[in-house]
Amino acid sequence: MELRSYGDVSVVNPQRRSLAERLKRLRSRWMMWMLLIPVAGWMIVFFAFPQLLMLFISFMSQGVYGGIAYRFTLDNYIQMFSPVFLNVIWTSVEFSFVVTVLCLAVAYPFAYAVVTASPRRRMFLLFLVIIPFWTSQLIRTFALMFLINTSGLLNTLLLQLHVISQPLNLLYTPFAVYLGQFYAMLPYMILPLYASLQSHLESPEFLEAAQDLGASPAQAFWKITLPLTTSGIAVGSMLVFIPTLATFFIPLLMGGGKMEMVGNFIGNQFLSSDNWPFGASASVGVIAITLVLIALMFRFMKNAFLGES
Amino acid sequence: MLDPIIELQSISKTFESVTVVNGVNMSIRAGEFVTLLGPSGSGKTTILRMIAGFEQPTAGRIAISGVEMNDVPAHRRPVNTVFQQYALFPHLNVFDNIAFGLRLKKYPRSDIEKRVKAALAMVRMEAHIQAKVRKLSGGQQQRVAIARAIVNEPKVLLLDEPLGALDMKLRREMQLELKRIHRDVGITFIYVTHDQEEAMAMSDRVAVIHAGHLAQFAPPEEIYSQPSTPFVAGFIGETNLIEAIVSDADADHWRLSTESFSLSVRKRNHDIVPGERVTLSVRPEALRVIGGSQAQEPHQPIVTGTLTERVFVGAMVKTFVRIGPETIVQCLETAVAAQGRRIGEEVALTWNCDHMVTFPS
């Protein structure tokens, strides 16, 4: 009866694979390398090499007339602990944190609405999220500037409606920087939250189980939906926090240079102060801060998701 | 009858013009183990979900302990569900999963711990109290899901094909476990399955659901011996369905004719008249294969035919006999009785008409 099937079971000895099998393995490994080469090459030339160069320069001295003097020093790292630089770092971290929280607060309800909308509406709402990607960030920032400057659309409208008698001074304020950064980052928060909520709400069994055990819709949200979408929250927060920490032209254009972020500070070292070694060490410092934050985020996610009582 | 714990009064459910449940009436007693049995798509899970409150009936009334439930949301109903895919919360460990309902009801902490431990003892999972649910096997997750439901002491426990994802051996084991748990906690169980053996083995009463209708609601023995429709007869166990016509009737007998034989059966309460078509159902084990010369009981039909196939099923042999151009019946005989028969042989069949059911077509 079923005995015949035993004959088909081949006992695989890992030491002695057939030639064909070995060739197949070799081929697949070769294929793997071939597929990796373009990306690996790109990353080496345009990412790893510049980073190493920057690391190298960060240990060099500033030349008497600017530029780089090839003498080893730790001064650039010691200089990072100056109150001026620490203040800039703190401003940036605080700013990034607030922007991330704002994006999360707006994006989560929005993503929830998108997931629960009818298919047609959902396509439309997602479309709204995607449209900004068609235009350069720089151009969109200029557009926003025109919208809120003293003779801009917003002020004109409010003046015409007699809501205000004097134009509001919105541009070149911290408010404008927050607004610009928030606006630029929002889609990066919405999309991971959408993906995460989508997969959670697609299988309603957890929510039904929570309801079944006596949870009201609000309780089910806080106890089930929110914890089960932690990964989306974490990914979205990272996608917003990290670029915001290094933001450069939004504070420059919308803050009019009044709000100095670490990105502007580093930019100035290269562009105006001509202190490349300090610019390089500051960049290394930002990368280090980012890596630490990512590590913390992963740890938080793991704990939140695998849950210890 | 005692006060019913659950009462379904002509409930129907229509999803976008498709009627999934159609006028089902059921009355379930406290402490009963009731199974909703039917093929997939018959509407049995929808009935369960309406009792749980996940679906609203399009028409009809649902009452639990005499209280109408139609407008009560799922989280306020005195029932708990064991889901087919368990639906254990992946971000919580075993203890927190089971404590979920108790914490929502604001039980004191020490009480929660005591109850969770008792529930885990009930399903024999004490050792895994701090385990992460993802690390548990399917059978263990199943046990945790049962504990999570019964810890809330619901009036009714709803089980939606809870053993569907388990392998055969584990299924058998969990069937016995569930029966034991049902005895121990003494609450009403409503169990959904498409497995008729499971339904027969576990239930006090079985509700056979067919195409959204309640086809029969009776104890397993009655469903087996007195099926109400040809569908029930065919769905529960195996049976031979033979088309016949009522050729004659006297005071207490009908004369039935098939394409190959005719027989006389005692009248039952059906209202059928000569000329009407009927369907006969005879279980394979009720058929007896006899040699031509063997004596037969008086008043028992005898039908001759050709043996077309024999299939060994362990201690028993399934023998297929062609008794007419369109009709092949199967008989279940012991291997000893079936010894020596060959395919192509002429045989005679007989059966006791008390074991045959007649359905009006």
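This is a predicted model: local features need pLDDT of at least 70, side-chain atom pairs count only at pLDDT 80 or more; totals for chains, interfaces and linings use all residues.
View 1. Residues are numbered from 1 along each chain as its sequence is written, chains are lettered from A and ligands numbered from 1 in the order written, and side-chain values use heavy atoms, leaving out hydrogens and water.

**View 2. Turn to the buried residues of α5(A): Q137(A), R140(A), T141(A), L144(A), M145(A) and I148(A).** Looking down the axis of α5(A), you'd find them within an arc of 150° (taken from the directions from the helix axis to the C-beta atoms), so they line one face of the helix. Their cover includes α6 (153-160), α7 (174-202) and α11 (249-254) of chain A, going by contacts, meaning heavy atoms within 4.5 Å.

**View 3. S136(A) caps the N-terminal end of α5(A).** One of its side-chain oxygens sits 3.1 Å from the backbone nitrogen of L138(A).

**View 4. Over in chain B, E55(B) sits in the loop between α1 (44-52) and β4 (59-64).** Helices (H or I, at least four residues) and strands (E, at least two) are DSSP runs, numbered from the N terminus. E55(B) is buried, at 16% relative accessible area. Leaving aside residues up to four places away in sequence, E55(B) touches K13(B), F15(B), R49(B) and M50(B).

Key: Buried means under 20% relative accessible area, exposed over 50%, partly exposed in between (1.4 Å probe, protein chains only). A polar contact is a pair of N or O atoms within 3.5 Å; within protein, one must be able to donate a hydrogen and the other to accept it, and residues adjacent in sequence count only if both atoms are side-chain atoms.
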